[in-house]
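The following paragraphs walk through a predicted model.

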Amino acid sequence: MTDLIRRVSNATIDRHGAIQRRDFLRTIGVGAAGLSMLGWQDLLLAAAPTLRQQGKSVIVLWMQGGPSHLETFDPKPKAEGEAKSIGTAVPGIEIAEYWPQVAKQMKDITLIRSMSNKEGNHQRATYQLHTGYIPGGTVRHPSFGSLVTKELAPADFDLPGYVSIGGPARGAGFLPVEYNPFQLGNPAKMPDNVDTIVPKQRFQRRLGLLNQLEGSSTKGGDDAMVSDHRTLYSKASTFSTSPKLGVFDIKDEPAALRQAYGDNRFGQGCLLARRLVETGTTYVEVTLGGWDTHFNHFEQVSNLAEQCDPAFATLIADLKQRGMLDDTLVVWMGEFGRTPKLNGRGGRDHFPRAFNVALAGCGIEGGQVIGKTSDDASEVIEEPVSVVDLFATLCTRLGIDPHKENMSPLGRPMKIVDGGTPIESLLS
Amino acid sequence: MSRLPVVTSRPMRVALPSSLLGLLLLTTLTNADERQAMMPREQFAPLRRATQPQAKLPPKLEWVSAKPVEVGGQLSLIDPRTLGKPLTIAELDALIKSSATSADPGREAPEDHFVRRLFLDTIGQIPAPADVRDYLESDSPDKKAQLIERLLSEPRYGRHWARYWRDAIAYRTASDQRRLGLFDIETWLAEQFNQNRPWDEIVSDMLRAEGLSDSTPEGYFIAAHEGRPADVAGEASRLFLGIQIACAQCHDHPSDAWTRNQFHQVASFFGKARTRLRRNVDTNRRGVAIEIFSRPLGDYRMPDLDDPGSPGDVMGPTFLTGQPVSNDLSDAQRRQAASAFFTSKRNPYFAKAFVNRAWAKLTGVGFTTPVDDLSLLADVRHPELFEALSRSFAASDYDVKELMRLILNSSAYAAAAGSPAPDGSVGESPLTAATAKRLTSDQLFDSLDLILGGLEETRPRRGLNRPSESRRTFREAFGFDPSTPASDIDGTIPQALLLMNNPMLHQRIDTKRPGSVLAKLLEHYPSDPEMIEMLYLRVLGRLPSSKENAIAKDYVAKSASRGEAYEDLLWAMLNTTEFLNNH
């Protein structure tokens, strides 16, 4: 039995892909009665001390539609428009007037004002800003969330490692499906099918019966398949009956804090993101849609910022207050910026040539500005940062080698990030 | 005897080529030798180079030739006159036997297992208890062939295979437009398979579709790729030829002979087709449709990687055989030429790609893994068998039902799960249907619907031609790309959660619900042994073993109520590995 445990723990330690996982299951299969005698959790428990726990997490605030850089964190007094700029907690850094609370947290936030890209189509740019790859061809690139989860998520975590709140998330692409995001529409509601419906006791009885039937199937043959299935059910039922399930119930939080995040889906989603990361989730994306402001630009941006500003600022403060900011990378971004010139309908159109991103946490020193755009915000004039540069930077902050390769279905190795140079001033 | 030229044998597909050039193209491909006299000398030359050395070889060797790529990326052609006749079942079995290296012929699957397998593989649903009983009780010597025939003539047969191809196409599109028309292509393909239209006609229709997606649902293949020539070319090669050229989009293929030029020459066939999203159309309730139209002006160009700003070089259409066609062709002519190249009997890959997929789907293991790579370096299992069956499929004029009939009646398909492979291989073997296959989302949904009843009751929104919400729920959780090797498809936590806890399923299991199937069964079968047998028959298509009987009886005896006991038993059975797989 000791031998079995040792083999299992070895397999578990380098458990970072389906191949290893299969080996793992085969190993257990060889151990014959291993599972039924020990149980999956016991085995993991035996291996737990040797598991690599990186403990780093990511929260992405995704601004769907392409937020204007001018009305967010790269205001231009001389450019067309009506938004004023305001000072922040960091002397010399000014942002648009719609973001008073974020301004107060600026000591913990770093702005990249020199993002530059070519994709001006929502779908293609969204794909690119989620995967680091340009869409096209038939390779379905894994989303960054799946890649990071694969690298960082601890094997014994009983809740999903990658959660997407309020948005259409990009999936695992060619990575195993277990790296797909767990998608949640409404952060104030429990996830689908997670409630056992029948009382827990009866649920356990059912599982016991299932286990007995699985052990006596006459169809025989594929032991690996049955143990694979048992593992899955063990994990799913653990999730379903997990004491951590309460993490999804944000009503636990003090009313004042819920209020501070904002009484709307995005605000509550940010609060849930913090709760998830606190519980051990590796990657959470919270989406705020509506940034495609071709019409009534200023009115719409002002409304969106009313939701985003308190949520973003409270998230940073909340993480910091709990001592979590050092290990949590917060990324605020969208798929592109918007045209510095107003169109005929009081709106701004798509503009990938210059846009901005805000970063905080995970050891990034706040209060910095990377890069610069021209006075009319139409041109990056200092330190241009490409999408792959950004992704390489994020990897570096998380302790992930951006050039590590995963195997695509065509048998072609693909790097987590294809090229790109991490932003030097953000390296510690 | 090989099929006559397409122009005469298929009036349905080719009304009349729009130009003499088009006519020449088609005849070049389908029956070049007979039409030699009509062809300009320079156009025929490359073809002759490709075929002449082969014509000297005996027919079998020609097919068995392990190297698909002859000279630096040239697809070798064959002479359709050497195809011979389609195989008979006895001939196929003899080939299977001669492919086996072990003396052990493998066990035959028990009849109940076989029936479940056959139903799932043909009509995509488990058998009803009566189907299993009828089969077991029948004394007819050809009951197997009769059942196969019956199932192949059910409309659900076409639907099942349509879903396979729908997924094969849809799962590799990077476009978000892939949802639009997904159900329409399924319905269209179902009709084609049920009418048993030859596979070459089905593929030609998909490659040549024009107009609005409502009137030409077969345009989905091109529309789902937003008409991007490179994606259409890469996917058409992968799906319909089993040749993966897409790597060569950006650079010469690293492990195969294809060059970047060749890739873009194939893409050029699709280079004048465009798609656009049309809003406010009145042909459907959604008000949105995709239109495939022609771009009259401009050439297809290969992007210049060193200078992305420049327009790139003009690429004319040339197929992988090295046969060029004029760059002056219109969109319709180009795609007509492409479909002729793809589906020609001279091109052995067209038959092979389909045969490999059908075999893999039916037995669980294809002649190659992955199923869509027949390239130079691919490891082909039992090449003689593969070649003969592919040749047979071409000789039958790509008769899909005939191929199904052949495989389903074969000894390989009848083999028992878990029995040793007759080729002596330790793991997976295409010579037995011994490899368990995960149920697809539709197989699972339709089977649950048969067991529990009423799952389809949640109807789609008024007037929209699409599946029910509940079926979509299953598709979201259980869907997978059928080109993925079976061993790479993992179960997921949302799948397990859905099966364990989904309120709709819970409701269908609940005996207290009016009209509950389980409650009715409990009324009909007051004795526990009968009730347990009935449940096993209904869910797993077999009777319980004595051990299973004991477990079930014991559980029932310990339960608070009979209703609760059987709810739990049914719940547990629906969550077993056995139920969720096709063995």
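Helix α14 of chain B, residues 260-267, is largely enclosed by the rest of the structure, because six of its eight residues are buried. Those buried residues are Gln262(B), Phe263(B), His264(B), Gln265(B), Val266(B) and Ala267(B). They pack against two elements of chain B, namely α13 (229-241) and β4 (301-302). "Buried" here rests on a neighbour count: 20 or more other C-beta atoms within 10 Å of the residue's own.

Chain B also holds an open sheet of three strands, ordered β1-β3-β2, with antiparallel pairing. Its edge strands are β1 (211-212) and β2 (273-279) of chain B, each of which pairs on one side only. Two bridges connect β1(B) with β3(B), residues 288-294, in the antiparallel sense. Within that pairing, Leu212(B) has Glu291(B) of β3(B) as its bridge partner. In general, strands of a sheet pair through backbone hydrogen bonds, either parallel or antiparallel.

A parallel case is found in chain A. Strand β1 of chain A, residues 57-63, is mostly covered, with seven of its seven residues buried. Ser57(A), Ile59(A), Leu61(A) and Met63(A) point one way from β1(A), while Val58(A), Val60(A) and Trp62(A) point the other way; all are buried. β1(A) runs parallel to β8(A), residues 328-334, and seven bridges join the two strands. In β8(A), Thr328(A) is the residue opposite Ser57(A). β1(A) also pairs in the parallel sense with β7(A), residues 283-288, over six bridges. There, Trp62(A) stands opposite Thr287(A) of β7(A).

Seen as whole chains, chain A has 13 helices and 16 strands, whereas chain B has 28 helices and seven strands. Of the 428 residues in chain A, 52% are buried; of the 583 residues in chain B, 53% are buried. Sequence separation can be examined through contacts between residues at least 6 apart. In chain A, 71% of such contacts join residues at least 24 apart. In chain B, residues 24 or more positions apart account for 67% of the contacts with a separation of 6 or more.

One individual pair in chain B shows such a separation along the sequence. Glu91(B) and Ala388(B) are 297 residues apart in sequence, and their C-alpha atoms are 9.8 Å apart in space. Glu91(B) belongs to helix α5 of chain B, residues 89-99. Glu91(B) counts as partly exposed because it has 15 C-beta neighbours inside 10 Å, a count that falls between the limit of 12 or fewer for exposed and 20 or more for buried.

The domain assignment divides chain B into domain 1 (1-46), domain 2 (89-153 + 349-435), domain 3 (154-344) and domain 4 (438-582). The C-alpha centres of domain 3 and domain 4 of chain B lie 39 Å apart. Where these two domains of chain B touch, 10 residues of domain 3 are in contact with 11 residues of domain 4. On the domain 3 side, the elements that give two or more residues are α9 (155-170) and α10 (182-194) of chain B. α9(B) gives the most to that side, with four residues. By residue type, the domain 3 side that touches domain 4 of chain B divides into four nonpolar, no polar and six charged residues.

What does Met573(B) contact, leaving aside its neighbours within four places in sequence? The residues are Leu213(A), Leu535(B), Val539(B), Leu540(B) and Phe579(B). Among these contacts of Met573(B), Leu213(A) belongs to chain A.

Definitions and conventions. Residues are numbered from 1 along each chain as its sequence is written. Chains are lettered from A and ligands numbered from 1 in the order in which they are written. This is a predicted model: local features need pLDDT of at least 70, side-chain atom pairs count only at pLDDT 80 or more; totals for chains, interfaces and linings use all residues. Two strands pair if DSSP finds at least two bridges between them. Two residues are in contact if their C-beta atoms, placed from the backbone, lie within 7 Å. Domain bounds come from an automatic or database domain assignment. Ala, Val, Leu, Ile, Met, Phe, Trp, Tyr, Cys and Pro count as nonpolar, Asp, Glu, Lys and Arg as charged, and the others, Gly among them, as polar.
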